[in-house]
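These are my notes from going through one model. I wrote the entries in the order in which I looked things up.

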Amino acid sequence: MKKFLLLCFSFAFVLSAWAQERVITGKVTSSEDGSTLPGVNVVVKGTTIGSVTDADGKYSLGVPSSGANLVFSFIGLKTSEIAIGERSIIDIQLTPDVTQLAEVVVTGFGSQLRPDLTGNIASVKAKDIAFVPLPSIDAILQGNAAGVYVNSQSGKLGQAVSVRVRGNSSISASNEPLYVVDGIPITTGSQSNFGGATNPLVDLNPNDIESLEILKDASAGAIYGARAANGVILITTKKGKAGKTQVTFNYQTGFSESSRRVPFSNSEQYATLLLEGAKYLDDRNGVPTTDPGSDTQFLSGPGEFFDYNSYGQWATDTTKTYDWQDVVFQKGSYNQADIQFSGGNEKTKFFASGQYLKQGGIIIGNELERMTGRLNVDQKVSDWLSIGMNMNFARTYNRRLPDDNAFSNPLQSVALPPITPSRDPNTGLPVGTPPGDIGIPIYYNPQITVDYSKFAQESFRNFSSTYANAKLLPGLTFQTEFGLDVLSQTEEGYFQSQTRRNQTRATRGLGTNRSTFILNYNTNNYFNYTKKFGKSDLNATVGMQYQQSSTRTSFTEGLDFPSDSYQKIASAATISGGSSTETQFRFLSYFARANYKFADKYLLTLSGRIDGSSRFGANNRYGFFPAASAGWILSEEGFLKGIEVISFLKVRSSYGIVGNAEIGNFPQLGLFTGDASYVGIGGQRPSQIGNPNLRWETNKQFDVGIDFGFFNNRLTGEIDYYNRRSEDLLLNTNLASTTGFNSVTRNLGSLENQGIEIVLNTQNFVGAFKWNTSFNFAANRGRVLNINGQIITGGIGQLPNRVMEGSNIGVFFAPEYAGVDPANGDALFYRNSVNPDGTIDRSTVNNANYGQAQRTVVGDPNPDYVMGLTNTFSYKGIDLSVLFSAVLGNDISIYGLGQYSSANAIFEDNQTADQMARWQNPGDITRVPQARYYAGNGNQASSRFIVDGSFVRLRNVSLGYTLPKSLLNRVKLDRVRIYVTGQNLALFTSYPLWDPEVNADSFDSNIAKGNDFYTPPQPRTILFGINIGL
Amino acid sequence: MKKNLIKTGLLALTLIGVPFACADRLDIMPFQSQASDVGLKTESDLVGTLIGAYDGLQATASYGGDIMLLSDIWANRAHLRFRGTFAGLQQVAFITATSTSSVITTDNAWATNMWANAYRTINIANLVLENLSLSEGAVRPTNTVRGEALFIRGSLYFELARLYGKTWQDGDPNQNLAVPLVLTSTPFEENKLTDANLPARATVAAVYAQAKADLTTASTLLPNSNLYYASKWAAFAQLSRIALMQGDYPAALAASDQVIQSGVYSLAPAFNDLWFNFINFGGVAPKEYVFYMRMTQQDGTNGLNTYYGQTVSSIPGTAGRGDLDVQAAFRDLHETADVRRGYFTITNRRLTNKHLDRFGHVPVIRLSEMYLTRAEANFRLVSTIGDTPLNDINRVRNRVGLANLAVLDLSGILRERSLELAFEGHRLHDIKRTQGVTLGTSATTPNGPAWNSPKLILPIPLREIEVNSKLVQNEGYQ
């Protein structure tokens, strides 16, 4: 055997020695800018003799003696063929392959060139999102991809972001897309147990990402079958490039602050409104305002409410005003350092990176810190086998804020009376801090929580994946991938005794500790076959995927600490709570896809996937999800070939079925749960009604689109129309509570989304001064078709988001406000009942008969249009990029704050300044009713609190200057760019509160969108940065 | 080379093939839960389920506080001023006879949650009653288990009937509708739900009869004392309440006398000993509590503390939203020497001291109520079973530092009752059964709704009407 091998080697050696008669060398450069091109394939035509250019674009190749041609090829460049003749040095310039647009698009278990795509996939490349001062990749997507609506929801750091691809596809199951990092579906659900949902995508360093592909239609998504109904976001991390090791260092520093303030009443206005309201009440009750039992005296009598809450100051100075927004908003800091290494040789390529990020929030007490490290290695083991590994480690520390609907939410301070000083004059401590009077201010002072408690989430995250790829036969490869996503998180809190008015059990300290461990592993194994025969190109993929995810949590809570110096539960005298839990899900799937191309013009893709899941009933465990799509590249047809204007033109269409299984674990089982203990004795309760027939929610999608390039591709774009219909919804349907259960999950109902997407990219100037524009536009209309007449609500109890047939998900449902009766200051509401003749009764009822005003749809939190517009300019070393994003046609409910603070002084909450327009005298024309203390007058849920949430935002501006090479050569640097970046510099909106890009974390759900509940706004951030290439 | 290819091919096929063999990996069961077909198989499971019913009863939406809370804040602004911001409670608190500025909406969260939690608990009790055959009497005597389940079900039906239905004396209880009677457990499978799982409302008389039957049977099954669970006497005490609501004074007399005569309970020597169970007594309940919902640092939320309590700087361990401000007019009803006149803590509110303790228990029935009930029934029936009404009243008075009365009239008994049991969930029901008028906003000329006003009855929750067309809405909400 050994001898045989030796013989083989010798033979091969002799053979090659015989063949190599002379050596050709040369250099390959780009025709665009003259730069050298590494990694270009150089092959002697018709042979297997070949080489690849090195980092300097140079190659060297032994060729047969006579008459051969050299073929130079590289993805994205036009393949070039040159006769060797008698030359020994052949330098060549390669030109970009414009007719092919040449972009490689990752499709899931493979990739395709964009011109060959028949499905709809949006791509965002690294350069579009580099060093944007936002910690998570989903938030950065905003405005960058058509049909992807991203709402950052809150200005708290690391908070959950809402992403909708082509509208809402489900009512009870998740509407968030599936995220796949280097082939591995990752954990994206919030693991937060305090202060609203967080975003586990924060653990991924956006600067490690090479590209993001958003699979939007069924054809693109079907390869992810049952999990693709909300779109799939494929994240591909950076790979090393052969050649000289590139080192990039980036540092940016700056600050952020709240971009807006909301005008609130000053002390005089505040007292005026309240006393007006109290007088109304006293008059109604027939009590003289001088009576000690009157409400007027309750407020303004000596030592009473005003005096008490101002430490007596009000008695002498009724004008002194404290603006609580000054207390809770702060200037946040931002510091980030990145280092990246990329390099390798023909056999081994690597990419390594590290990042440190530290960010201070715009609200007191909020901090985020992240450290990440990554190493991606690809190794060519032999000519038929390559292996690789991507490894990422991250630590994220987040000092959290309480949820929006907590008295301890700092922004709820705006409800505190402006007469109350923020510091207790007796102790100098934040007002309400013991030993001072903890009954002041009227509500708990959130600053005490910031100063005397801490709640921190710290997560350790490891994304790792390995692969091996074997070329089995010509055209046939086998790829096996194994990946892990490990999320290990602790949440630790300690509430000192000073917070006891809010944390009522913290009389002697309250400590909590919760850990969450998620092990999510996945394997993909698939064959890929590529074959060209005649005019046909075939690419086929078949394989399987198995995923298992298990989540384990444990929790301990302790009370009664020796003192606040001891903050670990080891010192707690009472262990007041403890728990451990586990849950799992598993998916087993088989998939296949074939891409067929004929004559470079006619495209066909067929794909399908069979998915099995532990989440479904024994009777319906597996589902099949097929899709088909076709395309026709018209610009390759003879009748268009001659037309200069048209560089590229393709029409395509797809239809398919994808699914949704994101309903939580074990929805199909009838269950007892053992959490019903009673004072020390364990107990169980029936917790769920089972449904053995439960199956996948299906989403049937149709897409038709056109891709075009005009004027030598100076103008390119896409236009799509789609229609998506979700059927057999996984719906939590209400049961009569007399059953002892509130709901059961059924496959019931349907809903529909249809829309248009437009993408336009233009190169306006291409000379020394370059100006490029990209624009994306999406219009979506969603409509619930059938939910069996059920009424499904979410959000804020009295003014809920509602699911109704004929409307989009989550519309606001309340009586319609009709303004104020000029005669008496009563709030009015339209009756909106149906007359016997079928018309709507538009007469009004006053406040007292509020109950007679029929509830109706008074707003829709879903936008009609979402747009992004990026302009990039460059001239010599100067570059400028400007991104505007717009969200139009959505409504927001400000009832959360409005019912207290924009409610003409019903309670002692401070009032927004606009409440001064209240009705005072008969004949007054205004939209703000008469002030009536503790007697609702228009504070009820109604369209009074529904406002337009449309906005245009100057989301990102980045201005940079790259130092000239001549200067840099002297200091041996490759590249130095200095820049300044502004995030959220301007906001154009009629929204009355802080920020229309909002959704209160306390109520957030599929259905509950567009609620503002003292929700922190997006920060305006300004950064100065330097980027150095070695 | 060829060998490598074959190896790789085999490997590939194996990797694809293995999961085929492991398709049953998709059969996994939850960890904190048990499938319904295995969760109730042993005596321990049965007793665990019974404990689950207590847990339901202890919830804030039931005897954890809300049932009592509503009775005291309903149209009582002149005595107990609600200063909180929960719209659902505000609707209940600010009702007056004439003004419609505050009305209870049919989606009122308290009306909705109280209903749902009661039926959730009743379903558990029904499960226990249907699976008594699992009991071997080893973990807990079978009779006790049965008696407790009946006690819980009966108590809840009684509370539901008087909150969602008309008062017994208001019209014909055989015609008036109360709440649906559900006496069997709900199947665990969606496809086994039938029309029977959408029941109509039963009459007031039928629901009272069911409550009475459950509690009467319970009284024969339950032991004399049963730790902090329901005892025989707790069942009798509930029966005395039902009888009182029905104006059946002989029955009220007999039942309350039974509780007193049992000798298991005794009046606390000092009024203050009844409260601050955790702060002052480390969680030991006074012997006066006939039935109470136990709270610990680990389990339960004292729902009365949530609204009546407030964090008072000088008393560590106090907590609460401070939503309920007792008015001077109420304090002034007390005689000067009355300990209860000073049983308040003044912050920017006047807070009752009864519910300041964060971890205090929630008393459902105290022995002093039994004395007051026996006194009232004896007085009305002109009898002296157990003791004279005067002696019973004086017992209650002496404890709070008041001298003996020499003569007694009915209003004196009722006034004593209202002062002794204030903020413990009796006020509204006492007004209803004595056919009085609520205060509303005025302490001097009551302007609240009268006892039989539809405004003093909770709406059938909107969500229930939406899923069950057989439910008829109450008069005040149509």
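**Entry 1: Tyr265(B)**

I looked up what Tyr265(B) touches, leaving aside its neighbours within four places in sequence: the contacts are Lys287(B), Glu288(B), Val290(B) and Leu367(B). I count two residues as in contact if their C-beta atoms, placed from the backbone, lie within 7 Å. Between Tyr265(B) and Leu367(B) there are 6.7 Å in space, C-alpha to C-alpha, and 102 residues in sequence. Tyr265(B) sits in the loop between H9 and strand S3 (289–293) of chain B. Helices (H or I, at least four residues) and strands (E, at least two) are DSSP runs, numbered from the N terminus.

Is Tyr265(B) buried or exposed? I found Tyr265(B) buried, because 23 other C-beta atoms lie within 10 Å. A residue is called buried if 20 or more other C-beta atoms lie within 10 Å of its own, exposed if 12 or fewer, and partly exposed in between, with C-beta atoms placed from the backbone.

**Entry 2: what kind of model this is**

I noted that this is a predicted model, in which local features need pLDDT of at least 70 and side-chain atom pairs count only at pLDDT 80 or more, while totals for chains, interfaces and linings use all residues. Residues are numbered from 1 along each chain as its sequence is written, and chains are lettered from A and ligands numbered from 1 in the order in which they are written. The pLDDT is the predictor's confidence in each residue, from 0 to 100. For chain B the average pLDDT is 93, and 94% of the residues score at least 70. The complex as a whole is given an ipTM of 0.93 and a pTM of 0.87 by the predictor.

**Entry 3: chain B overall**

I listed 16 helices and seven strands in chain B. Along the principal axes, the C-alpha atoms of chain B fill a box of roughly 110 × 50 × 50 Å. Chain B has 478 residues, and 54% of them are buried. I also looked at its contacts between residues at least 6 apart in sequence: 67% of these join residues at least 24 apart.

**Entry 4: H9 and H12 of chain B**

Two packed helices are described by the angle between their axes and the distance between the axes. Axes are lines fitted to C-alpha atoms, for helices over the stretch in contact, and angles run from 0 to 180 degrees between N-to-C directions. Which residues of H9(B) and H12(B) make the contact? On H9(B) they include Tyr249(B), Leu253(B) and Ile260(B), and on H12(B) they include Met370(B), Arg374(B) and Leu381(B). I sorted the residues of this contact into 10 nonpolar, three polar and three charged. Ala, Val, Leu, Ile, Met, Phe, Trp, Tyr, Cys and Pro count as nonpolar, Asp, Glu, Lys and Arg as charged, and the others, Gly among them, as polar.

**Entry 5: H13 of chain B**

After H13(B) comes Gly401(B), with a positive phi near 85 degrees.

**Entry 6: where the chains meet**

I looked up the contact between the chains: 80 residues of chain A meet 76 residues of chain B. On the side of chain A that touches chain B, S26(A) gives the most, with nine residues. That side divides into 30 nonpolar, 40 polar and 10 charged residues. S30(A) also pairs with strand S1 (residues 33–35) of chain B, antiparallel and over three bridges. Two strands pair if DSSP finds at least two bridges between them. In this pairing, Phe672(A) stands opposite Gln34(B).

**Entry 7: strands in chain A**

I noted an open sheet of four strands in chain A, in the order S38-S39-S40-S46 with antiparallel pairing. Strand S38 (792–796) and strand S46 (855–859) of chain A each have a single partner strand, so one side of each is left without a neighbour in the sheet. From one strand to the next, the twist averages 45 degrees.

Strand S5 (residues 69–73) of chain A has Leu70(A) and Phe72(A) on a covered face, and Asn69(A), Val71(A) and Ser73(A) on an uncovered one. S5(A) is joined antiparallel by four bridges to strand S2 (residues 41–44) of chain A. S5(A) also pairs antiparallel over four bridges with strand S6 (residues 80–83) of chain A, where Ser80(A) is the bridge partner of Phe72(A).
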